[in-house]
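Try each task before you read its solution.

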Amino acid sequence: MQKASTDNQAAAKDIKLLVLDIDGTIAGHSNTISEPVKQAILAAQARGIQVAIATGRMYRSALRFHQDIGSTLPLMAYQGAWIQDPNTQKIHRHWVVSREIAHQLLDYFEKPELRSLLSVHFYINDRLYVRELTKETKIYAERSGVIPIPVGDLRQALTNEPTKILALSDDIDVIDKLLGNLRRQYTPAELYLTTSVATFFEATNASVNKGTAVRYLAEELLGLELANVMAIGDNFNDLEMLEYAGLGVAMGNAPSGVQAIAKWVAPSVEQDGAAVAIEKFLL
């Protein structure tokens, strides 16, 4: 765990917005927010600091966490592709993947050498469409509290453009290779590709990442600057958000590449690291 510099401590006084990732950050194995983390969040809010959620999860899957912390701000779901205010139901942003690219990705995932290794998820209008109910999909659905809709050929679901495309495999090497190959095939201007956990390959619209979402919330909606933002995350889909924030904190369970860009590294999620970070910098 790094020591906070005096710069960080000075910056902490400016924080008016705290942005939290869910999985691996405020929710660990239990799939709920622990009492110490919840109390730290409530204490920050009592000091006038607004708190928001930025997650790779579906909007409907993230909603209970948003409500659990009593957030009054829009919820940033699908890596920020979908930003909606649960209080007014207003959708501030919804960026999608084109049908053409969705078809291309599906063709790629269905290559003979990949088809049996991947569970493919299409997220369309905040619903989850799958080819079939695989073991990985069932585990995912249970954790996210979402009922998957099996459709056989996923092309049938592409009457609307997907918000996000996910390929799941319990083989980390398969996901690594997939990410590498598709990053060579698509430029960052065509598609945003990331991993939210080592077994999840995710694709969204090129303009999407948690950094652009948090910037939009902070600057456009709240009239703040990056110096007013603290963000806590644990994985590669949090990189842009941690880089943008005036105070970016990585969790102790984050990969080394994520910890390297953070201003400070908190204890792990199972040690209530988010609460430790909030107490250190905001309370």
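pLDDT is the predictor's confidence in each residue, on a scale from 0 to 100. You'll need it here, since this is a predicted model.

**Exercise 1. Work out how far to trust the chain, and where to be careful.**

Step 1: Start with the whole chain. The average pLDDT is 94, and 96% of the residues score at least 70.

Step 2: Over residues 1-6, pLDDT stays under 50. For that stretch the model has 14 contacts beyond four places in sequence.

**Exercise 2. Find the buried residues of helix α3 and explain how they are arranged.**

Step 1: Locate α3, which spans residues 59-68. With buried taken as under 20% relative accessible area, pick out Tyr59, Ser61, Ala62, Phe65 and His66.

Step 2: Check the directions. These residues cover an arc of only 150° around the axis, so they sit on the same side of α3. As background, an α-helix has 3.6 residues a turn, so residues three or four places apart point the same way.

Step 3: Ask what lies over them. The cover includes strands β2 (50-53), β3 (75-77) and β4 (82-84), along with helix α6 (135-144).

Step 4: Gly70 follows α3, and its phi is positive, near 65°.

Notes
Residues are numbered from 1 along each chain as its sequence is written. This is a predicted model: local features need pLDDT of at least 70, side-chain atom pairs count only at pLDDT 80 or more; totals for chains, interfaces and linings use all residues. Side-chain values use heavy atoms; hydrogens and water are left out. Buried means under 20% relative accessible area, exposed over 50%, partly exposed in between (1.4 Å probe, protein chains only). Helices (H or I, at least four residues) and strands (E, at least two) are DSSP runs, numbered from the N terminus. The arc is that of the directions from the helix axis to the C-beta atoms. Contact means heavy atoms within 4.5 Å.
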